[in-house]
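Hi there,

Here is the structure I promised to pass on to you. Have a look at it first, and then read on for what turned up in it.

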Amino acid sequence: MEKIEKSYDVRSGGNLSVLSEFGAIEIQTAEQEKVEIVITKESKSESVGAVEKMLADFELAFEHEGSDVHIQGVFKHDRDHWWKQFNFAKIHFLITVPQQYNIDLNTAGSDISVANLTGDVRVRTSGGNLCFRSITGTVWGHTSGGSVEAVNIAGDVQVRTSGGSLRFGAIQGFVSGRTSGGSIKGTDCNGGTDVRTSGGNIWLGGISKNVNARTSGGSIQAALRTQPQSECSLRTSGGAITCTLAPDVAVDLEAKTSGGRVSVETDFVSVIQGKAPKNRLEGRINGGGPLLKLRTSGGSIHLQKASD
């Protein structure tokens, strides 16, 4: 195993950028005015010949200017030359930054995690999972082949994955999430939620402000705990919808299904006016308010009131 270590004096509020053609990146913080870097390169295979050549071909460059640090990792030969060895090699960036710092990370080959940071975070990976925990600032993340987890974020979150699930928890800002191949689960999202998936279920609990959720291949469960400020919608092409409203939420309801029926908890019946067919229901709840659209082509719709 080869280890590379660097340390740079910086000030809080600076910027770290990493652009690497391979390797997992882990960001942690400490109460210090330094950026400390530990990079390890090792083989995971007993047949180390080709793998060792690949690791030796991976070249690192470091730049330090004021409070900013930039790291670049590239293969001297073309990256595609080594693709057969990727599963048998490990490169890991462990970087400690001041607690107040901004992060911009891009790796072509593994996981990224950022924790306990005050600052803006922007990350991208072509083949791994993303994990964000205890961040005060805006979070932006994109992965082409993994899941995304964002927990305890005091800011807006915008994430996208082409091949995994999304999980949110304790988000103070607005949440925007997109996945082409997984489920979505969110709890305690306080700034509004807009999520979409092409291939999984959506479960949203304790959502404040507005909610918009869409899936092409699963069911939706959503609990709206505060009054929405504008139009909300839950849409699925292949499952059921269960929507739970806080007792004082006031909305105009439009619920429609092509493959099931619409059912409403008894407590709501007295405030919804008019008679409707079993697969459609329109009316006002608690005097009416922003529009709440519930649509499914392949299941039933159930509207219920949250317990006090």
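Which residues are linked in a network of salt bridges? They are R133, E149 and R167. Please keep in mind that this is a predicted model.

**Salt bridges**

R167 and E149 form a salt bridge in which the closest N and O atoms are 2.6 Å apart. R167 belongs to strand β15 (residues 166-171) and E149 to strand β13 (residues 148-153), so their pairing ties together parts that are 18 residues apart in sequence. R167 is partly exposed, with a relative accessible area of 39%. E149 has 18% relative accessibility and counts as buried because the cut-off for buried is under 20%.

The count of salt bridges comes to 10. Another one joins E231 to K293, with 4.0 Å between the closest N and O atoms. E231 sits in the loop between β21 (220-224) and β22 (232-236), while K293 is in strand β27 (residues 291-296), so this pair ties together parts that are 62 residues apart in sequence. E231 is partly exposed at 42% relative accessibility, whereas K293 is buried at 18%.

Strand β27 also holds R295, whose partner E254 lies in strand β24 (residues 251-257), 41 residues apart. The side chains of E254 and R295 meet in a salt bridge of 3.0 Å, N to O.

L294 has E254 among its contacts, along with residues including L234, I241 and L303.

Strand β7 (residues 89-98) pairs in the parallel sense with strand β3 (residues 24-30) over 7 bridges. Here I27 stands opposite I95. Strand β3 is also joined by 3 bridges to strand β9 (residues 112-118), again running parallel, and E26 stands opposite S113 there.

T107 is in strand β8 (residues 102-107). Is T107 buried or exposed? At 0% relative accessibility, T107 counts as buried. Its contacts include S20, F22, I112 and R124.

G191 lies in the loop between β17 (184-189) and β18 (193-197), and G191 is buried at 18% relative accessibility. Among the residues that G191 touches are I171, F174 and K209.

Happy exploring!

How values were computed:
Residues numbered from 1 in each chain as written. Predicted model: local features only at pLDDT ≥ 70, side-chain atom pairs only at ≥ 80, totals over all residues. Heavy atoms only, no water. Helix = DSSP H or I, 4+ residues; strand = E, 2+ residues; numbered from the N terminus. Buried < 20%, exposed > 50% of the residue type's maximum accessible area, 1.4 Å probe, protein only. Contact = heavy atoms within 4.5 Å. Pairing = 2+ DSSP bridges. Lists of a residue's contacts leave out its neighbours within four places in sequence.
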